[in-house]
Amino acid sequence: MTTCTHVSGKRRVVCAGDLNKRITLQGRSITPPVFGSADFTETFATGNDRWAAINTIAGKTIFDGLNQKDVALTHEIFIRYDATVTAETWILYNSRRFDIVAVEDFEERHEWMRLLCTDKMASTV
């Protein structure tokens, strides 16, 4: 039997059947620039594949305290709860890379996560 979680406020329901897209969670590491160079090296380590529900959102921004600026959100991605997923995790879907800006654990029940993301466009992977 499928269990659905009702999200307070918006009466939104996330069900296991809604997870119809296959995404890959990736960790990112940054290597400092070599002496005399200004460019750092960014490496993505591929993690586990997950089923997800992906929705586009428009007109939403969130303040990124790390960079001290507003970031335009383009997608919200729903997955089953995974404690290892943080704002440092990246998502690869259909050769597009998504930067996770915020992570929400619904009702702190450790069942579902909502990831607010920014589309970083095509991946070179």
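Let's start with a pair hidden from the surface: Arg114 and Glu76 are both buried, where buried means under 20% relative accessible area, exposed over 50% and partly exposed in between (1.4 Å probe, protein chains only). This is a predicted model, in which local features need pLDDT of at least 70, side-chain atom pairs count only at pLDDT 80 or more, and totals for chains, interfaces and linings use all residues. Residues are numbered from 1 along each chain as its sequence is written, and side-chain values use heavy atoms, with hydrogens and water left out.

Arg114 and Glu76 form a salt bridge, with their closest N and O atoms 3.1 Å apart; the term means a side-chain nitrogen of Lys or Arg within 4 Å of a carboxyl oxygen of Asp or Glu. Because Arg114 lies in strand S8 and Glu76 in strand S5, the pair ties together parts that are 38 residues apart in sequence. Strands (E, at least two residues) are DSSP runs, numbered from the N terminus. Salt bridges also link Glu76, Glu104 and Arg114 in a network.

Now look for Asp119, also found in strand S8 (residues 112-122). The side chains of Asp119 and Arg96 meet in a salt bridge of 2.5 Å, N to O. Arg96 lies in strand S7 (residues 96-105), so this pair ties together parts that are 23 residues apart in sequence. Asp119 counts as buried at 15% relative accessibility, whereas Arg96 is partly exposed, with a relative accessible area of 30%.

How many salt bridges does a search of the whole structure find? There are five, and one of them joins Arg50 and Asp82, whose closest N and O atoms are 2.2 Å apart.

Key:
Helix = DSSP H or I, 4+ residues; strand = E, 2+ residues; numbered from the N terminus.
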